[in-house]
Amino acid sequence: VDFAEALLRLFGIANQWSVRARGFAFLLSLPLIVVSVADWRIRRRR
Amino acid sequence: VYVGHAAIALALKAHEPRVPLAPLVLACYGPDWAELVFGLAYGRGTMQVLAHSLPAVLVGGLSAAGLFALVAHRHGARYLLLGWLLHWPADFLTARKPLIDLDHRVGLDLYHRPAIDFLLEGALLVVCCAIYARVFARDTVQRRWVVAMAAALLGMQAVLDYGLRSEPQPWNPVLVHGLWRPHPKIVSICSVPGSDPHGSCTLAQYRHSERAMATNRPRGVTTLICLSCGKEKFFTQEVPAAVVCDQCGSTVFRTFTTPTEPDEAVIDALEAQARSIAYGDSSPATTVDDVRDLDAR
């Protein structure tokens, strides 16, 4: 049990989905990070 | 849709540069984030309805736009609403999403055609990046950053689609519910729960519909016996219009239908036609002449 799972169990919301949810959150975060970083670099030069 | 949502956010940003990009991207992925959060609380079955059904997308979009307007005090709440709402038509292309509940899901299911999905999302990304670059990337370095961003997003989409190649489910696009089912009202009127309604009641409600009885027939096995060689062929669904015997090539068959579920009409017909096969029983309605004919050599 890692820290994230332990935290979810502490709040009583650990279920079968909670394990996959972290992978899903990672997938959703990647485009946000890529687009935000690129936009910041582009707008910084304006 | 995966990176397609980010592409939509870039296009919206180009249309209204005053809106910050991060909330726009979050809004474009809003139903997915909502699905993730609701899934922790309610399990995955419920969360898709709470996040991706049409009413949920509308409520989620209005909530996000309202929250943005209240907290950020900035222009562009309607673009967040638009980004959230566009999530559903985008997902319609790649998956099957609920209209209202999980029983009514529609979509082109292109995640099960990963190559087409990659081409579609790649094309959308290129177009949206071009729109974004036209507004924001004036010099070469800025354009390079746009190209790098597009390449990174394309790479992520490629990895996702490559992973989807091993999905075991077949491609199953759904635009409407394919199977005719009796209206719940009819079922409650004329039959016990869980069973099909009577044909007469169904026709009373659907006078002008041939489909009412055409697709609600009793299920069973149809046996075709070749008249030439006696070879049997079995069909559990529709019998093809042209059947050829595997053994002799004949196309003439005798057909028998055996219901696999209780069917009052067939049971009644079988009882009426049944003949005793017990030893010593006399054959009913068999005359002396019939027996003589059978014994004719």
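This briefing covers two protein chains, their interface and a few selected residues.

The model is predicted: local features need pLDDT of at least 70, side-chain atom pairs count only at pLDDT 80 or more, and totals for chains, interfaces and linings use all residues. Residues are numbered from 1 along each chain as its sequence is written, chains are lettered from A and ligands numbered from 1 in written order, and side-chain values use heavy atoms, with hydrogens and water left out.

**Chain B**

- Chain B holds 14 helices and 5 strands. Helices (H or I, at least four residues) and strands (E, at least two) are DSSP runs, numbered from the N terminus.
- Of the 297 residues in chain B, 36% are buried. Buried means under 20% relative accessible area, exposed over 50%, and partly exposed in between (1.4 Å probe, protein chains only).
- Accessible areas come from the Shrake-Rupley method with a 1.4 Å probe; for residues, only the protein chains shown count as cover.
- Among contacts in chain B with a separation of 6 or more, 53% join residues 24 or more positions apart. Contact means heavy atoms within 4.5 Å.

**Chain A**

- Chain A has 2 helices and 0 strands.
- Buried residues make up 33% of its 46 residues.
- Chain A exposes about 3,100 Å², with 64% from carbon and sulfur atoms.
- A:Ile33 sits in helix H2 (residues 16-44) of chain A. A:Ile33 counts as partly exposed because its relative accessibility is 47%.
- A:Ile33, A:Val37 and A:Trp40 make a nonpolar surface patch of about 300 Å². Patches use residues with over 30% relative accessible area and no salt bridge; like charges are joined within 9 Å, nonpolar side chains (Val, Leu, Ile, Met, Phe, Trp, Tyr) within 5 Å.

**Interface of chain B and chain A**

- The contact takes in 33 residues of chain B and 25 residues of chain A.
- About 2,600 Å² is buried between the two chains, and carbon and sulfur atoms give 72% of it. Buried area is the accessible area (1.4 Å probe) that two parts lose on being put together, summed over both.
- On the chain B side, B:Leu36, B:Leu40 and B:Trp145 lose the most area to chain A, together 23% of what that side buries.
- A salt bridge is a side-chain nitrogen of Lys or Arg within 4 Å of a carboxyl oxygen of Asp or Glu.
- There are 3 residue pairs in polar contact across the interface, both residues at pLDDT 80 or more. A polar contact is a pair of N or O atoms within 3.5 Å; within protein, one must be able to donate a hydrogen and the other to accept it, and residues adjacent in sequence count only if both atoms are side-chain atoms.
- Elements giving two or more residues to the chain B side include helix H3 (30-42), helix H8 (114-136) and helix H9 (140-164) of chain B. H9(B) gives the most, with 9 residues.

**Two residues of chain B**

- B:His112 lies in the loop between strand S2 (105-106) and H8 of chain B. B:His112 counts as buried because its relative accessibility is 17%.
- The side chains of B:His112 and B:Asp109 make a polar contact (2.8 Å).
- Not counting residues up to four places away in sequence, B:His112 touches B:Glu167, B:Gln169, B:Pro170 and B:Trp171.
- B:Trp88 is placed in helix H7 (residues 87-94) of chain B. B:Trp88 is buried, at 12% relative accessible area.
- B:Trp88 and B:Pro31 are 57 residues apart along the chain, yet their C-alpha atoms are separated by 8.4 Å.
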